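Keep the model open and follow along.

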Amino acid sequence: MEPFLVSTGVVALGEIGDKTQLLALLLAARFRRPVPIILGIFVATVLNHALAGLVGETVARFLGPDLLRWVIGVSFLAMAAWMLVPDEIDDAEGGTQRFGVFGTTVIAFFLAEMGDKTQIATVALAARYSDLFQVVAGTTVGMMLANVPAVLLGDRAARAIPMQLVHAIAAGIFAVLGVLTLFNVGRLF
């Protein structure tokens with residue numbers, strides 16, 4: 001039980017105020033469909049943390065910290081630009097994008113977790129404990145404990161916030177994260 005409980009606690013605490021928690025809030029505000037968002041976060045987290053436990057160190061060593069930082073930084077800037085593109089289907093129907101709410105959440109969350117502190121924590125926990133299943137289960141539960149409330153809050157807040165404002169704020173946040181990552185400010189990302 002120790003690997004599970006430690007993994008749950010470390011990731012739940014590490015996720016509070018993290019960029020992926022903010023992403024959960026923004027997805028909920030944008031799509032207003034909490035169930036597929038929560039399921040998407042779950043699937044993305046399981047996939048990401050399982051990979052982190054298996055090959056995280058190898059990938060980081062192969063790319064090196066500088067190249068990884070540039071890939072993540074450019075990805076954030078691309079997400080910022082994408083957020084500014086109006087989606088007529090969303091506005092007209094409150095519906096989904098090309099990949100649907102679930103698919104969009106899985107892709108966005110999986111990419112946002114790349115190089116994130118909770119992914120790095122998963123690598124470290126997998127190295128510390130020999131039970132990969134308990135570590136991945138624990139880190140996944142930790143992510144869900146931190147992100148499900150953000151999704152539920154975002155869904156309620158979306159009813160009172162104009163979608164153009166949500167898009168502009170999301171684009172600004174992704175742009176700031178991209179620039180901070182590219183300039184390696186405070187080694188936060």
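Start with H2: its 13 residues should span 18 Å at 1.5 Å a residue, and its end C-alpha atoms are 18 Å apart, so the two figures agree. (The expected span is 1.5 Å times one less than the number of residues in the helix; helices, H or I with at least four residues, and strands, E with at least two, are DSSP runs numbered from the N terminus.) Bear in mind that this is a predicted model, where local features need pLDDT of at least 70 and side-chain atom pairs count only at pLDDT 80 or more, while totals for chains, interfaces and linings use all residues. Residues are numbered from 1 along each chain as its sequence is written, and side-chain values use heavy atoms, with hydrogens and water left out.

H2 is mostly covered, with 11 of its 13 residues buried. Here buried means under 20% relative accessible area, exposed means over 50%, and partly exposed is in between, using a 1.4 Å probe and protein chains only. Among the buried residues of H2 are Leu23, Leu26, Leu27 and Phe31, but also Lys19 and Arg30. Ala29 is another residue of helix H2, and it counts as buried because its relative accessible area is 7%. Follow the chain from Ala29 to Leu153 and you cover 124 residues of sequence, yet the two C-alpha atoms are 8.5 Å apart in space.

Most residues other than glycine have a negative phi. Arg32 belongs to the loop between helix H2 (19-31) and H3, and with a relative accessible area of 37% it is partly exposed.

Is His49 buried or exposed? It is buried, because its relative accessible area is 0%. Set aside its neighbours within four places in sequence, and His49 is in contact with Glu113, Thr118, Gln119, Thr122, Val136, Thr139, Thr140 and Met143; contact means heavy atoms within 4.5 Å. With one of these, Thr122, the His49 side chain makes a polar contact of 3.4 Å. (A polar contact is a pair of N or O atoms within 3.5 Å; within protein, one must be able to donate a hydrogen and the other to accept it, and residues adjacent in sequence count only if both atoms are side-chain atoms.)

Now pick up Thr118 from that list. Thr118 sits in helix H6, residues 117-128, and it counts as buried because its relative accessibility is 1%. His49 and Thr118 are 69 residues apart in sequence, and their C-alpha atoms are 8.6 Å apart. Not counting residues up to four places away in sequence, Thr118 touches Val11, Gly14, Glu15, His49, Glu113 and Met143. Between the side chains of Thr118 and Glu113 there is a polar contact of 2.7 Å.

Glu113 takes us back to H5, being one of the buried residues of that helix. H5 covers residues 100-113, and its 14 residues reach 20 Å from first C-alpha to last, close to the 20 Å expected at 1.5 Å a residue. Like H2, H5 is mostly covered: 10 of its 14 residues are buried, including Val101, Val106, Phe109 and Ala112. Just after H5 comes Gly115, with a positive phi of about 75 degrees.

Val185 lies in the segment after helix H8 (163-182) and is partly exposed, with a relative accessible area of 39%.

Finally, step back to the whole chain. It has 8 helices and 0 strands, and 47% of its 189 residues are buried. Of the contacts with a separation of 6 or more, 88% are between residues 24 or more positions apart. The accessible surface comes to about 9,800 Å², 72% of it belonging to carbon and sulfur atoms; accessible areas come from the Shrake-Rupley method with a 1.4 Å probe, and for residues only the protein chains shown count as cover.
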